[in-house]
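Work through the exercises below with the sequence and the structure side by side. Each task is followed by a solution in steps.

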Amino acid sequence: MNFMINLINVLYPILSITIVAILLLAMISIVYVSWRNGISPMPASAQARHVVANEVDRISSTGTLVDAGSGFGTLAVHLAQHCPGWKIIGIENSLIPLWLSRFYWRLMAAMKGASLNSITFCNENLYTYSYAEADIIVCYLYPGAMDQLGRMVCNRLTTGSTRIISICFALPGWEPARVITCKDLYRTKVYVYDI
Ligand SMILES: C[S@@+](CC[C@H](N)C(=O)[O-])C[C@H]1O[C@@H](n2cnc3c(N)ncnc32)[C@H](O)[C@@H]1O
């Protein structure tokens, strides 16, 4: 009995310190990559997710959609659940959100019985990804990133039928085909472009 109490007394602080160290490292990693990327993995609002899913449905019932900067995967998982004919690819270069998004999707798939195959989360840079198969690119970034994404996508896309759906930020120099205002607190705008 004494042996067990002594063991717990030794293990408890070691375990606590390990957990705190892991959480601290995870936070440092998120903050560092957010600083490097110029944006944090903040998820789009529920209203914005809803509007994006409606737009995807309106465009087609099947295809390949790339979430450029998928963060914790909440938008990608929402789209997989509400647009079941679509193959979804989430691109993220911040490891902790990427791992959590994979875990979140497995959890949702187990709970709701969704097919695990309809989403792939990749550790990729959204500025160097090919987008060759993308029918729709969805993003929630910031003005500087939209500028870079617009130029890059223009040079790379060859199909001539790709749409970009951007939450909050417009593509500089492009005329949107549609602009939807969400009914959320910030009246977030969702821009739809035919490229
Ligand atoms: C505001 S979050 C959007 C998350 C998700 N798309 C949503 O709407 O809920 C933007 C994400 O883009 C990621 N990101 C920024 N620059 C990136 C890059 N060059 N390559 C890959 N991901 C990037 C960030 O790490 C962040 O997780």
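**Exercise 1.** Find which residues of α3 are buried, and name the elements against which they pack.

Solution. Helices (H or I, at least four residues) and strands (E, at least two) are DSSP runs, numbered from the N terminus. A residue is buried if 20 or more other C-beta atoms lie within 10 Å of its own, exposed if 12 or fewer, and partly exposed in between, with C-beta atoms placed from the backbone. By this count T74, L75, A76, V77, H78, L79 and A80 of α3 are buried. That is seven of the nine residues of α3, and the helix is mostly covered. The buried residues of α3 pack against the helices α2 and α4 (95-112) and against the strands β1 (63-68), β2 (86-92), β3 (119-123) and β4 (136-139).

The model is predicted, and local features need pLDDT of at least 70, side-chain atom pairs count only at pLDDT 80 or more, while totals for chains, interfaces and linings use all residues. Residues are numbered from 1 along each chain as its sequence is written.

**Exercise 2.** Describe how α3 crosses α2 and how α3 crosses α4.

Solution. Axes are lines fitted to C-alpha atoms, for helices over the stretch in contact, and angles run from 0 to 180 degrees between N-to-C directions. Angles under 35 degrees count as roughly parallel, over 145 as roughly antiparallel, 65 to 115 as roughly perpendicular and the rest as oblique. A crossing is left-handed if the near helix is turned anticlockwise from the far one by less than a right angle, and right-handed if clockwise. Two residues are in contact if their C-beta atoms, placed from the backbone, lie within 7 Å.

Step 1: the axes of α2 (residues 46-59) and α3 (residues 74-82) come within 10 Å and cross at roughly 45°. The two helices are therefore oblique to each other, and the crossing of α2 and α3 is right-handed. On the α2 side the contact is made by R49, V52, A53 and V56, and on the α3 side by L75, H78, L79 and H82.

Step 2: the axes of α3 and α4 come within 10 Å and cross at roughly 30°. This makes α3 roughly parallel to α4. α3 passes α4 in a right-handed crossing. A76, V77 and Q81 of α3 meet S101, Y104, W105, M108 and K112 of α4.

**Exercise 3.** Determine how far α1 reaches and how many of its residues are buried.

Solution. α1 (residues 2-37) reaches 53 Å from its first C-alpha to its last, close to the 52 Å expected at 1.5 Å a residue; the expected span is 1.5 Å times one less than the number of residues. The count of buried residues among the 36 residues of α1 is zero. G38 follows α1 and has a positive phi, near 85°.

**Exercise 4.** Locate F169 and list the residues that it touches.

Solution. F169 is found in the loop between β5 (163-167) and β6 (178-181). With 18 other C-beta atoms within 10 Å, F169 is partly exposed. Not counting residues up to four places away in sequence, F169 touches L141, Y142, P143 and M146.
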